[in-house]
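Visitor: Please take a close look at one part of this assembly, namely the way one chain meets its partners. A connected account would be appreciated.

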Amino acid sequence: MPIITLTTDFGTKDHFVGALKGAIYKELRAVNIVDISHEITPFNITETAYILKNSYQNFPEGTIHIIGVDSEISIENKPLAIQLDGQFFICTDNGIISMITNEIIPEKIVEITIQNSEENNLAILDIFVKVACHIARGGMLDVIGKKIEKVKELIEIQPFINTEQNQIVGSIIYIDNFGNVISNISQSIFNNIGKGRDFELIARNYKFTKIYSKYNEVVDFSIPEDKRQNDGKRLAIFNSAKFLEISMYRSNLETVGGASSLLGLNYRDNITLRFK
Amino acid sequence: MPIITLTTDFGTKDHFVGALKGAIYKELRAVNIVDISHEITPFNITETAYILKNSYQNFPEGTIHIIGVDSEISIENKPLAIQLDGQFFICTDNGIISMITNEIIPEKIVEITIQNSEENNLAILDIFVKVACHIARGGMLDVIGKKIEKVKELIEIQPFINTEQNQIVGSIIYIDNFGNVISNISQSIFNNIGKGRDFELIARNYKFTKIYSKYNEVVDFSIPEDKRQNDGKRLAIFNSAKFLEISMYRSNLETVGGASSLLGLNYRDNITLRFK
Amino acid sequence: MPIITLTTDFGTKDHFVGALKGAIYKELRAVNIVDISHEITPFNITETAYILKNSYQNFPEGTIHIIGVDSEISIENKPLAIQLDGQFFICTDNGIISMITNEIIPEKIVEITIQNSEENNLAILDIFVKVACHIARGGMLDVIGKKIEKVKELIEIQPFINTEQNQIVGSIIYIDNFGNVISNISQSIFNNIGKGRDFELIARNYKFTKIYSKYNEVVDFSIPEDKRQNDGKRLAIFNSAKFLEISMYRSNLETVGGASSLLGLNYRDNITLRFK
């Protein structure tokens, strides 16, 4: 059974997600619809790019991803279908896919040219569903659009590296459910530039000289459990998505807060890595 | 595989939704359960009616909709199964379905008479699941209840039209994920009463003389992208559900706010259309 | 088709849940993934225990439950697979399952010994998925770990009973979507200790002498609907999970508030039952 995933900023209260699923099932009964996220901050392309990049690779080959963020179609925001890394992405050309295409060259990009059956403001319900089901039935991309070569680039997702190659200035691109603050500095950029040198990571007025690879590396298990004071300890870590993240150990946004609120780090703030 | 949808005010944190799905799968393994919404404001019949009306039509024929809002059964709130527009609805008789039955005459309405196997306060888990699975297996409505003719009416979902037929007073029945404010004035009522005349739409102290059909109609694409100032522009639009909505272009509730917060328009507030 | 359920504190915005589902489908296409909850308060074991206990029994025999709360694996937090009541639970040994094992003796407990394919901080994506799919394919628990006899106990889930057997001091273990406040006093403990005696239930400075079994028992249906004043009436009830709950009739957290906010009852607060 083909898999179609959904990533939108529709929220889960309104009827949009239900309507979208109904429309898919109406086209194609034997399909497995999987929610990736419907809680994207409205119109936030960078968040979407981050979520997409970190979930799609877990899915089986042939999975079809519908992306309903900033998806109102206009002459500047054209609908695309992209074949990449053995999977398919349907979105508008707003940079949302460029976090993946920066690393992996698409096998094919088409600008969707099939027409909306009626003029309305929820194109996703109509065009995206038709295209997704076409692909799910094994249809070719060439049938539904014309081949193009490039997608729009999203600039803010790349960190800045100085010419001396001893400094990386990244920015915060995502804050997760635990209040962890995630930068656009990937572990591979860190390794390529740092080459094993010592470093200092500066985020506001906080400094870090170590980057963990597991949260509980901060715990000294030789100290009895009731004597430890690790909760709320701040740490830098390469998260499961392999991006540099600033975290508070076992933080809770609803009570004490997380790295974001406690350290005052917000979406788009800079963090700096200096190598020695 | 039959489709059973769920629309509840249970929220997604508690065990209720999981328990409901488990109970359905225990009765019937080969079934496709689709969440429409679990984020309805507790006990809000109007919200439910709006969400239901705007999602059910997208689903394939034969879909079964379980509605778990205000569903504690009492002598005044009887359980119903309704066949309508080729689909099935299971709910209590509290007006929730009348937004649809106002426009489409049900094929059959039965008051469910099968008994709850145990006296508890979550009838939906027991009776609604049994009825849904009965229908999913192809069972007849007559077996599980007695035929009745009418459902309870929900009054607040109808706008008021004056006798001169030059004014419609609607009210706000829903505020969506983007802060858009949705009235109970449908495009068809607008067309029937307005008959193409000029009009003035008044919402609090804001006036509108145009109703858009796509959000990005407010954008002048001949102006370069970085010179445009459309974000936050207020507009009236017929939304994808074909109801009159007041919106802020690309609004964001978490940052600048949406039409609801910025214009001070709340659930149940009036808006007025005056034709010339 | 085997059923795998997910109970996590990942939230529904981030990519974690999508990535987890993708990873399962990559291992096993013919599987039914059901969300129980992803909104657990981060790291809250008691909440998880309560949600799990009240949902799992509704699922068909053979269902596999993945629990991703406090699931970072360490020498003190070992991964377990438990066969119990005809179903399977995969979690770390942090007490999360003890609310169920207090009542039902597990058929088998194994400490999972298969290795993580790469060192990362999201073990659930790797080990738990592999184990779940192994079980779903009909594999034996013995293959993936070594048999152990006991799981860690969660202390705070048991109420305190005095030696005279005329007083039960419980604590609040959960607050639900409606603001209902749920204690750890089960109906069976109440019956066993109370033996039909009169009682007084004290929660802060509120007293109750009756425990309802349906919310709308507070309504006097002989009074005309528009004359009744039941909304917001406080009551004690055995909820559908058979735990003692304090509720406000038809409360709404977004407007008037629920039992939690209005009565000032919070997570971990005590409530006392005195028998006469």
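Guide: A polar contact here is a pair of N or O atoms within 3.5 Å; within protein, one of them must be able to donate a hydrogen and the other to accept it, and residues adjacent in sequence count only if both atoms are side-chain atoms. In this predicted model, 13 residue pairs, both members at pLDDT 80 or more, are in polar contact across the interface of chain C and chain A. The side of chain C that touches chain A draws its largest share, eight residues, from helix 1 (residues 16-27) of chain C. One salt bridge is found between chain C and chain A: C:Lys13 pairs with A:Glu47, with the closest N and O atoms 2.9 Å apart. In total, 31 residues of chain C contact 44 residues of chain A, and about 3,200 Å² is buried between the two chains, 49% of it from carbon and sulfur atoms.

Chain C also meets chain B, with 44 residues from chain C and 31 residues from chain B taking part in the contact. C:Asn58, C:Phe178 and C:Arg250 supply 18% of the area that chain C buries against chain B, more than any other three residues. Between these chains there is one salt bridge, in which the side chains of B:Lys13 and C:Glu47 meet at 2.9 Å, N to O. Strand 2 (32-37), helix 2 (45-56), strand 9 (167-175) and strand 14 (234-238) of chain C each supply at least two residues of the side that touches chain B. That side of chain C comprises 18 nonpolar, 15 polar and eleven charged residues.

Technical notes:
Residues are numbered from 1 along each chain as its sequence is written. Chains are lettered from A and ligands numbered from 1 in the order in which they are written. This is a predicted model: local features need pLDDT of at least 70, side-chain atom pairs count only at pLDDT 80 or more; totals for chains, interfaces and linings use all residues. Side-chain values use heavy atoms; hydrogens and water are left out. Contact means heavy atoms within 4.5 Å. Buried area is the accessible area (1.4 Å probe) that two parts lose on being put together, summed over both. A salt bridge is a side-chain nitrogen of Lys or Arg within 4 Å of a carboxyl oxygen of Asp or Glu. Helices (H or I, at least four residues) and strands (E, at least two) are DSSP runs, numbered from the N terminus. Ala, Val, Leu, Ile, Met, Phe, Trp, Tyr, Cys and Pro count as nonpolar, Asp, Glu, Lys and Arg as charged, and the others, Gly among them, as polar.
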